[in-house]
Amino acid sequence: MPRVVIPVRCVKTDMRMPVPDTPTIARRQQIVGALRRIVPDGVIADEAAMRPYECDGLAVYRQIPLVVVLPSTVEQVSAILRYCNANNVKIVPRGAGTSLSGGALPLADAVTIGLGRFNRILEIDWDNRCVVAQPGVTNLAITNAVQHRGFYYAPDPSSQIACSIGGNVAENAGGVHCLKYGLTTNNVLGLQIVLPDGEVVRVGGRHQPEGEGYDLMGLLTGSEGLLGIVTEVTVRILRKPETVRAMLMGFASNEAAGDAVAAIIGAGVVPAGLEMMDRLAIHAAEEFVHAGYPLDVEALLIAELDGPQAEVDYLVERVAAIAARCGAACVRVSASEDERLRFWAGRKAAFPAVGRISPDYLCMDGTIPRRRLAEVLARIRALSEKHGLRVANVFHAGDGNLHPLILFDANRPGELERAEEFGADILRLCVEVGGVLTGEHGVGVEKRDLMPVMFDEVDLEQQQRVKCAFDAGGLLNPGKVFPTLHNCAEMGRLRVSGGQLPFPDLPRF
Amino acid sequence: MGDPLIATDEASARDAIGWAVSEKTPIEIMGGGTKRALGRPIQVARGLSLAGLSGIEDYEPSELVMTAWAGTSLAEIEATLAANGQRLAFEPPDYRALLGGAADGATIGAVFSCNLAGPRRTAAGAARDHLLGIRGVNGRGEIFKAGGRVVKNVTGFDLCKLVAGSFGTLAALTQVTFRVFPIPEAEATVLVIGLLEQDAVAVMIEGAQSPHEVSGAAHLPAGIAALSGVSAVGGAGRAVTALRVEGPAPSVVHRVAALRRCFAPLGEIEVLEAEGSQAFWREVRDVTPFAGDSRLVWRLAVPPAGGAAVVAEVGRRIEAEAILDRGGGCVWLATAQKAEEAAGAVRDAAATVGGSATLIRAPEAVRSHADVFPPLAAGLRDLTARVKRAFDPLGLLNPGRMYAGL
Amino acid sequence: MQTSFTPDQLRDPAITAADEILRKCVHCGFCTATCPTYVLLGDENDSPRGRIYLIKDMLENDRPASDAVTRHVDRCLSCLSCMTTCPSGVNYMHLVDVGRQRIARTGRRSAADRLLRWLLARVLPSPERFRLALLGARMARPFAAFLPGRLKALVKLVPPAARTAILEPRVFPAEGVRRRRVALLAGCVQQVLDAEINAATIRLLTKHGCEVVVAEGAGCCGALAYHLGREEEALAGVRSNVRAWIRERTARGLDAIVINASGCGTMVKDYGFLLRNDPELAPGAAEVSALARDVTEVLAAVGLKAAVAGAGTTVAYHDACSLQHGQGVREAPRLLLQGAGFEVRDVPEGHLCCGSAGTYNILQPELATRLRDRKAANVDGVGADVVAAGNIGCILQLAPAIGRPLVHTVQLLDWATGGPRPRVLDQANWLN
């Protein structure tokens, strides 16, 4: 999805973070000294220079870190983690700092470890169709490095120009092409990880792993920096499709547009991208970029079809026919690459464009089963009236990922709080209809306290026990993802309930 | 082993494991039992069968998602999907003939627990890439869930990935939610006849680097091709290299023509249409050529460009027959030597290109003593044990199935 | 971004401007990835987003510039790559200038640093003083190895030979029918170091029907002093330029003010903003900015004659930051070169600065050299016959580092349309 704007004009002070450990803060000089011995030219301890690290892309939450360290070798990362593990110092990993869920929010008693210096592509392996990169390499830089031979890296989060591949792994980043090409987790082949105790391990490689133990690569992808620090990533690259065309389809109601999405997919067509915008979003985007969107419709679908020319021509015709059957008020097909980019320009600018009609907005990120779309949109409208705030909807219709933008003015007392309540209501609604809290932005601190809406205590404990298997001391990125921090030893205890036996004939040993 | 406990619903599965916990007695988690010969044999007093916990819970074709209870048979799921023009894109294999034994079909829970995939893996991913959500019982006797029922979800740790391919050692899956895809209108397979392994890998790399979306690439040496029931392959008399394309009919026609043009200078070209193509890829998927004998069968996962080199390396040390699947990235080997000797040659060869080898078929006695799965790197052994304990602190679920003592 | 300026602070027009800019920033971080210093150093402080944060903190709290602020703002090239990237329209250029002025007033600098900055601001904008300084520097060249870091960088930058010709105010009539009347900014450093660029520009414009005037009283554009934080010195020059051009326009008419050093072009196009609060000159400055054009913009508008030479020569086109980011001119030079029969190739990482950046290569030699070498490798990797750029700074910076001749875009266009073949092509013997 395109760029996301967050309400940076307001500072949240009531986010509950783990209580800073006073003794750790008291030995700050000692910690700084130790880190300087590990990374002589990469320790930032001056308060003015630490300030730019106080938040990531979600600037609502801010905290000056204990100290910032910028290692440039795997050995340094390992030594830092070994030191912190031995001295009980917390660590917050940071990639490019573009997270929209506060994944890299510092802690007052934690070392922020920035991976910005790990910015080299190590190898392009054309025969095995993969790229080996350091974690600070940007998502787009990978595509840029291989496009001259007709390849690209498929996941394309809106921040792809700036977000790092290591951060993509930590957040399991998505993008508009997920439906057909998958998320980060489906496109990573290998990782080098530094575990919280400093040990350096590799999982996967340049092949599709089979039976090589538990799928730690799959677990680490999307673990939001709680399990280890990624120091090298191997991703697969794909051949660019021969032809790409985009279609605009306008509908008189959200329901009709939703039906068209179901009909397209039901007909066996899997578009490379399938996006939907509601009236407010259409108007804001059109006013900003003049993409040529119809203004007399309630909902707009943008479909992108790719593949061999023969296939794309054929699919465009089928999709147009389906749209017409579903009552599309207008259907337009891009006739040139310029036009295709123009169709997308409006969608990609939808967020900043909405920002122009409102001083602030909150971007939500729930996913719902597509069939509930019309109902969810209607209920969001009702919530909008209840909270007295406007909302614009931009939707990855192909995979059900909804981005409602809640419009508010932070300078009006109480509006931020209302917007946040509205946002929480929307996410609760997503879960209620069978969806999830976050489709691609991550839980971080932003949605942490809503986790119990989706998971019960047993579910969350199971996840936290996995955390304990990696980080028994709870030193890596604490305060993120989980609403309650449990002690690992406490959680490891087995509660055996006697209970009644369902198989009474079984012998007791 | 006594009669297995039969779970008929999620609660009874929980109670059975709860019983095992209270008795501190290990238990074997089973579905249809078709893959019991895969992995290390388990010596336990009791089994828990989930085959009775069956039924499709939720399926709306336009969502491209299905939720089913773990004991639902793969056959039922595939039939239901097919009736709606859909399928499991990762092409789950059927190893009954290869492994011998079981007559009943596989369950969907086991397909995911063993993370099996067929030739389409390069294009569509493995089972793990399609698993969106799970419910299961951990080794504490607790029912837990992870993931969700939607395609795009990053809420919490992705425990689905961890459980996929864990062979029931972390949890007894009770329910799975997974992605499904439309069956393409058409498919066809371009055969290039008479290539040596090395040239075949080059052809498969070129196919994969082309914009023609090749969804299967395999190479069968002459002796193995001759066993095929597909006449164009069985009667070729020489090695066969196969490239599959799928999609709307006009697109398939276009791509077949393009691949034919591309590879015609290298050898004689044949094209398998619909049924022929399907039959051929079923054989590759199920490793049918190795089904009829008792040799050890290995599956090597390697960087695709290294496929031919690995086969040559193994051939320098022991006698082996090889099928190259997934463009060279998956090498099936049948070896006649003693297990230790073969293991050394096969694992060393895989390691030379950074890949790994799994022993897929071997007599129980061999599997009880030799490593079946690729031995874990030193740094991962302790971590793996800790992850296991995070789900199963007493080590009750399928103990030793993957690694001795785990 | 939320700001917290007091009404009192906001009475300062510089703070009002900074406040407006800061409020547009949403902290998305897109700018980090295209910032050359972040790419080299990987520190948020050395990215636009980090500098915005540092400057905001300094301004809001009325703090004197800390060493951290000074260090990291000094490292900024003002290449404005961030402004091309920014989706929210944050005017980083204006903000960093406010920051620089505050640093110049309140920051602590060593005596040597202050002296060097004073020297640069005094010498470079004056062609006469610069020419004398060059003589001295050329004599010092053999001793460069013995000089301390930045002085060494300065001396080493001086080309071994320069073709100086300082343009006096005069009019160059159009050939044939006069289609446009344009003023040419004669420039300061450029005409001392390479008079060929102005000569080629004048030939090119006059043969395409433009009357070219070098206006009496117009001098250095002021960019060098301004970006060193010396606002008053710079604005004095800006005012005399505005007066000179407005006088010329009123007296004899002007269709455009042509600039062939894009660093100066970015500055002149910003005169309207710089003098926005000047009661006397604000309208004139806005008018000057509206008339300002890069030479390639003017040529693209009048259209190029049929080419007679150079066809088939491959040209690696180097985007000067001031042209691509500062002025948003990317297509015109490429299309002109293509239209003249050259085969134009793009340079990978074209958005990254070559390290020249005004006086940056003198003040920050270490970073500038790393950027230069990276750029040189990218340029050479393209494998073209010749490299074209629209800014004297880039030309000086890159020429010694790349393995092929480097000329100003106008020199190739002039050659193609009947002008002399650029001498550097023959000297280097790269073309037959």
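How much area do chain A and chain C bury between them, and what share of it is on carbon and sulfur atoms? Chain A and chain C bury about 2,500 Å² between them, with 54% of it on carbon and sulfur atoms. Buried area here is the accessible area (1.4 Å probe) that two parts lose on being put together, summed over both.

## Basis of the model

This is a predicted model, in which local features need pLDDT of at least 70 and side-chain atom pairs count only at pLDDT 80 or more, while totals for chains, interfaces and linings use all residues. Residues are numbered from 1 along each chain as its sequence is written, chains are lettered from A and ligands numbered from 1 in the order in which they are written, and side-chain values use heavy atoms, with hydrogens and water left out.

## Chain A with chain C

Contact (heavy atoms within 4.5 Å) links 36 residues of chain A with 30 residues of chain C. Two salt bridges are counted between chain A and chain C, a salt bridge being a side-chain nitrogen of Lys or Arg within 4 Å of a carboxyl oxygen of Asp or Glu. Arg94(A) and Glu44(C) meet through their side chains in a salt bridge of 2.8 Å, N to O.

There are also 10 residue pairs in polar contact across the interface of chain A and chain C, both residues at pLDDT 80 or more. A polar contact is a pair of N or O atoms within 3.5 Å; within protein, one must be able to donate a hydrogen and the other to accept it, and residues adjacent in sequence count only if both atoms are side-chain atoms. The side of chain A that touches chain C has 17 nonpolar, 10 polar and nine charged residues. In this division Ala, Val, Leu, Ile, Met, Phe, Trp, Tyr, Cys and Pro count as nonpolar, Asp, Glu, Lys and Arg as charged, and the others, Gly among them, as polar.

## Chain A with chain B

Of the two pairs of chains that touch, chains A and B have the most contacts. Chain B and chain C do not touch, and their nearest C-alpha atoms are 21 Å apart. The contact between chains A and B takes 101 residues from chain A and 91 residues from chain B. The area buried between chain A and chain B is about 8,200 Å², and carbon and sulfur atoms give 58% of it.

The interface of chain A and chain B holds 12 salt bridges and 37 residue pairs in polar contact, both residues at pLDDT 80 or more. On the side of chain A that touches chain B, the largest share, nine residues, comes from α17(A). Helices (H or I, at least four residues) and strands (E, at least two) are DSSP runs, numbered from the N terminus. That side of chain A divides into 44 nonpolar, 29 polar and 28 charged residues.

One salt bridge joins the side chains of Asp58(B) and Arg371(A) at 3.0 Å, N to O. This pair crosses between chains, from strand β4 (residues 56–60) of chain B to the loop between β17 (366–367) and α14 (373–387) of chain A. Asp58(B) is partly exposed, with a relative accessible area of 22%, and Arg371(A) is partly exposed at 42%. Buried means under 20% relative accessible area, exposed over 50%, and partly exposed in between (1.4 Å probe, protein chains only).

## Inside chain A

His177(A) lies in the loop between α6 (165–171) and α7 of chain A. Its side chain makes a polar contact with the side chain of Asp156(A) at 2.7 Å. Leaving aside neighbours within four places in sequence, the residues in contact with His177(A) include Glu304(A).

Glu304(A) forms a salt bridge with Arg340(A), with the closest N and O atoms 2.7 Å apart. Glu304(A) is in strand β14 (residues 299–307) and Arg340(A) in helix α12 (residues 337–348) of chain A, so the pair ties together parts that are 36 residues apart in sequence. Both Glu304(A) and Arg340(A) are buried.

## Domains of chain C

The domain assignment, which is automatic or from a database, divides chain C into domain 1 (9–106), domain 2 (111–157), domain 3 (170–299) and domain 4 (302–428). The centres of domain 3 and domain 4 of chain C, taken over C-alpha atoms, are separated by 22 Å. These two domains bury about 2,500 Å² between them, 64% of it on carbon and sulfur atoms.

Three salt bridges are found across the interface of domain 3 and domain 4 of chain C. Lys207(C) forms a salt bridge with Asp414(C), the closest N and O atoms being 2.6 Å apart.
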